[in-house]
Amino acid sequence: MQERIVESLLGGSDVAVIMPTGGGKSLCYQLPALALGRTVVVISPLIALMQDQVAQLGDMGIPAAVLNSSQPSEEQRAVMRAAEQGAFRLLYLSPERLARADTIGWLQRVPLAFFAIDEAHCISEWGHEFRPEYRQLSSLRQNFPDKPIAAFTASATRRVRHDILEQLQLRDPHKYIASFHRANLRYVAHQCDRDTHQPLLLAGLRAYAGESAIVYAPTIKEVERTVDDLAERGIAAVAYHGQMENSVRRRNQERWMNDDARVLVGTIAFGLGINKPAVRAVIHTSMPKSIEQYYQEAGRAGRDGLPADCVMLWQPKDAGLLAYFIDQLNDPNEKQRAWQRYHAVRGFVESARCRHLQICTHFGQIPKWERCGMCDVCGNVPEWVSAPVEALAPRKIRKRKVQAAPVEQVSASRPAAAPSPHRDLIDFFKQWRRQAAQRAGVPAYIVLSDASLEELCRKRPSNLRELLGVSGIGERKAELYGGEIFAAFEAFRKGARAAAKEADRATPAEETMRLLAQGKSFEEIAQIRGRQASTVVNMVADLVEKGSLEYRVEWVGEADHQVIEEAVRRLGAQWLKPLREALPAEITYEQIRLVVAWVRVNSA
């Protein structure tokens with residue numbers, strides 16, 4: 001539908017576009033911006049997303065800019081002056097920026113073509129990611145009555161679609177609703193228990209060894225615990241959540257985008273507008289809040305059109321946690337909407353109907369088929385999910401010293417490819433791509449996508465004409481990187497190969513024990529390791545239980561230790577909540593956790 005959408009915008013119509021993640025929404029407003037020769041203002045909710053889009057456009061020789069509060073004042077003024085002169089085809093703003101009175105006055109001096117609202121579902125209270133600042137976009141029609149408005153989103157039910165049209169006051173909009181069926185994605189909602197949950201996650205990530213993956217966890221604590229647990233087992237992962245410093249969060253995202261770490265573990269905070277094409281797996285470690293959330297997050301897999309897996313490892317307790325959070329809501333209307341989303345997603349995971357069919361019907365699409373062949377209900381399950389339970393059960397903990405984590409192994413279900421010159425060449429060019437991306441300050445996929453890189457290595461062009469025959473390499477990229485690409489081929493022919501990866505660093509457990517030995521407090525260790533103090537305490541307690549670390553009474557305080565120990569002897573060490581309720585309010589969960597670990601190891 002891209003051609004029809006572009007024609008509508010070139011003709012000056014308002015448009016509303018519902019197109020799945022990876023369906024090519026960005027091109028629908030970027031191409032008209034070039035054709036019209038005027039500025040398209042793109043409203044986007046995330047600074048990082050805007051910066052990535054501008055970097056990608058710049059790499060294609062398209063004049064674009066972003067304007068936000070993170071830029072120095074002089075840079076902001078320079079962008080505003082250039083925009084008034086018509087210097088940009090695309091100009092990215094946040095909804096908060098657009099709400100400022102001075103922004104409206106300035107934009108009225110910019111040669112505008114139209115407004116494009118990205119992630120438009122954020123404007124609706126019925127949307128799963130409602131953002132109040134998006135409501136202010138309803139003033140666009142009053143302030144710019146002659147400018148078309150284009151709304152784009154990947155996940156909107158009929159009710160949300162109606163709300164978008166009403167809030168933005170679209171005039172006789174041309175409506176384009178693509179199919180919600182992502183045929184290349186395999187959906188799996190697998191119920192597991194406490195004992196098999198973590199081993200299944202490990203089995204899954206090992207099944208996609210060498211491939212990019214996203215793991216969604218429900219809480220910040222769970223994100224940090226999962227990242228540390230994966231590192232202990234030789235799987236390089238980075239964390240992403242809302243309470244990290246912006247610089248750390250940005251660096252972790254860049255490491256994942258550039259393939260320096262193949263696994264990103266994040267909360268719901270990660271994802272809007274993420275444009276990495278070759279993500280082979282998205283694994284949810286709990287039941288999400290809504291079908292819309294699941295569809296959007298799972299949709300970050302397989303944007304290159306190749307097969308990818310979207311696996312939800314859920315437990316019955318997840319439903320209880322979701323219900324608990326809904327009960328905390330004060331607004332009765334929001335609580336009602338949250339309960340509707342809850343019942344819909346619970347029905348999705350427990351139903352025996354085709355997963356693809358359920359998703360399509362949820363969004364108002366009625367397919368003509370009943371079975372997709374690409375979900376667990378239809379009998380298509382990854383081998384690692386259907387492995388016998390006994391093969392996944394965690395080994396009993398033995399008292400031992402913490403050793404370096406083993407290197408990651410490829411699962412038997414996906415054997416490693418035999419070494420070949422072609423594989424060596426791809427690795428060599430991936431290294432070149434990482435270096436080129438670092439020099440340009442852009443994600444690796446912006447330099448060349450995985451598909452383009454593999455085609456480049458397959459065709460091995462020897463001149464400019466052949467290079468331009470590689471998908472994804474146009475005149476601009478050939479100009480930017482052609483010389484480097486031919487030089488890399490020549491170096492490879494002369495025996496150059498990708499550098500071996502650096503030796504593994506100390507595991508999180510080893511690093512924590514080293515810092516403890518230096519006399520660092522839990523808070524200091526948390527600061528150094530970029531973790532919450534509770535995450536560090538839980539790791540220390542686990543190490544005590546494993547016999548890898550001696551318990552120190554000064555961590556808790558002698559008087560508090562005695563009070564907690566007495567309660568543990570009386571109530572047992574299986575659950576922390578009864579202990580918390582029985583102990584004085586000033587005693588923390590962290591103190592209880594440490595004493596419980598000490599009791600458990602001394603009772604074994």
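Colleague: Let's start at the surface: is Glu-490 buried, partly exposed or exposed?

Modeller: Keep in mind that this is a predicted model. Glu-490 is partly exposed, since its relative accessible area is 34%. The cut-offs here are under 20% for buried and over 50% for exposed.

Colleague: Which side chain does Glu-490 meet in a salt bridge?

Modeller: That's Lys-494, with N to O at 3.6 Å. Lys-494 itself is exposed, at a relative accessible area of 69%.

Colleague: And how many salt bridges are there by this rule?

Modeller: The count comes to 34. A salt bridge needs the side-chain nitrogen of Lys or Arg within 4 Å of a carboxyl oxygen of Asp or Glu. Glu-350 is partly exposed at 48% relative accessibility, and Arg-346 is partly exposed at 30%.

Colleague: Which residue forms a salt bridge with Arg-570?

Modeller: Glu-566 does, and the closest N and O atoms are 3.2 Å apart. Again, the two are four residues apart, this time in helix α26 (residues 558-571), which puts about one helical turn between them. Arg-570 is exposed, with 52% relative accessible area, while Glu-566 is partly exposed at 44%. Salt bridges can also share partners: Glu-125, Arg-135, Asp-163, Glu-334, Arg-337 and Arg-341 are joined into one network that way.

Colleague: Now the inside. Which residues touch the most other members of the largest nonpolar core?

Modeller: The general idea is that nonpolar side chains tend to be buried together in soluble globular proteins. Here the largest nonpolar core has 100 residues, and Leu-107 and Phe-429 touch the most other members. Helix α18 (residues 421-440) gives the largest share of this core, seven residues.

Colleague: What is Phe-429 in contact with, leaving aside neighbours within four places in sequence?

Modeller: Its contacts are Leu-453, Leu-456, Cys-457, Ile-485, Ala-488 and Phe-489. There's also a second, separate core of 32 residues, and Leu-516, Val-536, Val-568 and Ala-597 are among its members.

Colleague: On to the sheet. What is the order of its seven strands?

Modeller: The order is β3-β4-β2-β5-β6-β1-β7, in an open sheet with parallel pairing. To find the edges, look for strands that pair on one side only: they are β3 (64-67) and β7 (174-177). From one strand to the next, the twist averages 15 degrees.

Colleague: How many bridges join β1 to β6?

Modeller: Four, between parallel strands covering residues 15-18 in β1 and residues 149-153 in β6. Then look for helix α9 (residues 158-168), which lies across β1, β5 (112-117), β6 and β7 and runs at about 155 degrees to β6.

Colleague: One last stop: where is Phe-270?

Modeller: Phe-270 is in the loop between β11 (263-266) and β12 (279-284). Phe-270 counts as buried because its relative accessibility is 0%. Setting aside neighbours within four places in sequence, Phe-270 contacts Ile-214, Tyr-216, Tyr-240, Gln-253, Trp-256, Leu-264 and Arg-300. Take Tyr-240: Phe-270 is 30 residues from it along the chain, with 6.5 Å between their C-alpha atoms.

Key:
Residues numbered from 1 in each chain as written. Predicted model: local features only at pLDDT ≥ 70, side-chain atom pairs only at ≥ 80, totals over all residues. Heavy atoms only, no water. Core = buried A, V, L, I, M, F, W, Y, C linked by side-chain atoms within 4.5 Å. Buried < 20%, exposed > 50% of the residue type's maximum accessible area, 1.4 Å probe, protein only. Contact = heavy atoms within 4.5 Å. Pairing = 2+ DSSP bridges. Axes fitted to C-alpha atoms, helices over the stretch in contact; angles between N-to-C directions.
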